[in-house]
Amino acid sequence: MSLREDALYASYCRLERALFNVLYRQLWQHEDCQDVIHDAYLRIWARRERITPDTLDALVWTTALNLARNRLRWRRLWRHEPLDVDLHEAPTGRDDDFLATRRLHDALQHLPAAERDVLLLSEFSGLRGAEIASVLGIPVGTVASRKHHAMTHLKAFLGDTAHA
Amino acid sequence: MPDLPDWLPELDPPSGGLTRLQDAVAAQRHRRALRRRGLAWATMAIVPLVALALWLLPPRLQQQHRTQALVAALQPALAPPLPASGLRVHDGAAVALPSGQANVRLYLVQTVAPRSRTPTPLHHVTHELP
């Protein structure tokens, strides 16, 4: 049974916000995030004959995360750092909000990629531990331990920078 | 120290993502339809072309074979030169024609160029008897 077009669009509407929030904390560029989400859905659409609706969402997550990793690798390879990191998420636009966002950006950049993926997925994706494990291809127990380590590292880093 | 939700507020994705995806899928579908239609036209065009070739080729081949057979049959009949006259004709033939004078023999000579197989113009060769 192949994937239908309306199922693809329904999945897009369902996951767009969560995907954007997870990918944004990795790429820190609105346009890049939108491109990655778009490309992930197009790749899935190209393989629609072999995809069933019940595996669609997990596949979207896996594809989007892989594409984001590729993009980060490409940036590292070419030493490409975007000049204008879009730190627009400060809701009030106050200076202390901007600084907090900047600190969070640095802290997440310092986290190992595996821990960052688990932390962001558990925070934004709405997936359960077993589903996150399936998306990332790791055991369920590892999800919990990585999340715990990620939180510890994040708090340590943010605590250090807050005191600095 | 703030909790994680304070650090990671939920953001709204930029608008227009779904429309962009729908446009891209529609464009893909359009390209695929064009490709399929092109393939169908090519398939439909091949059939009359093959039929035309089958209709045109055999008569030409048959004609060519007939010409070759005729040339092959005529060559041995006409090729040997007339031994008594001392006349030698390469890649062609000579036929003695009636002559009005007693000391003049008249021949009709036709030669064929070996590569082009195009007959040379007719020549009248006269050979005076000793």
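Student: How do α1(A) and α5(A) run relative to each other, roughly parallel or roughly antiparallel?
Tutor: In this predicted model, α1(A) and α5(A) are roughly antiparallel, a label for angles over 145 degrees. Their axes come within 9 Å and cross at roughly 150 degrees. Axes here are lines fitted to C-alpha atoms, for helices over the stretch in contact, with angles from 0 to 180 degrees between N-to-C directions. Helices are DSSP runs (H or I, at least four residues), numbered from the N terminus.

Student: Which residues of α5(A) make that contact?
Tutor: Arg116(A), Leu120(A), Leu121(A), Phe124(A) and Ser125(A). From α1(A) come Ala18(A), Asn21(A), Val22(A), Arg25(A) and Gln26(A). Contact means that the C-beta atoms, placed from the backbone, lie within 7 Å. By class, that contact has five nonpolar, three polar and two charged residues. Nonpolar covers Ala, Val, Leu, Ile, Met, Phe, Trp, Tyr, Cys and Pro, charged covers Asp, Glu, Lys and Arg, and the others, Gly among them, are polar.

Student: And how are the numbers and letters assigned?
Tutor: Residues are numbered from 1 along each chain as its sequence is written, and chains are lettered from A and ligands numbered from 1 in the order in which they are written. As the model is predicted, local features need pLDDT of at least 70 and side-chain atom pairs count only at pLDDT 80 or more, while totals for chains, interfaces and linings use all residues.

Student: Back to α1(A). Where is its kink centred?
Tutor: On Leu15(A), with a kink of about 50 degrees. The bend at a residue is the angle between axes fitted to the seven residues ending there and the seven starting there. End to end, α1(A) spans only 28 Å between its C-alpha atoms, whereas a straight helix of 23 residues would span 33 Å. That expected span is 1.5 Å times one less than the number of residues.

Student: What follows α1(A)?
Tutor: Trp28(A), whose phi is positive, near 60 degrees.

Student: How do α1(A) and α3(A) lie?
Tutor: They are roughly parallel, which is the label for angles under 35 degrees. Their axes come within 10 Å and cross at roughly 30 degrees. The contact has 11 nonpolar, two polar and two charged residues.

Student: What about α2(A) against α3(A), at what angle do they cross?
Tutor: Roughly 130 degrees, with the axes within 9 Å.

Student: New topic. How many residues of chain A are in contact with chain B?
Tutor: 23, against 16 residues of chain B. On chain A, α1, α2 and α7 each supply at least two residues of that side. The largest share, 10 residues, comes from α1(A). The side of chain A that touches chain B divides into 11 nonpolar, five polar and seven charged residues.

Conventions. Contact = placed C-beta atoms within 7 Å. Parallel < 35°, antiparallel > 145°, perpendicular 65-115°, else oblique.
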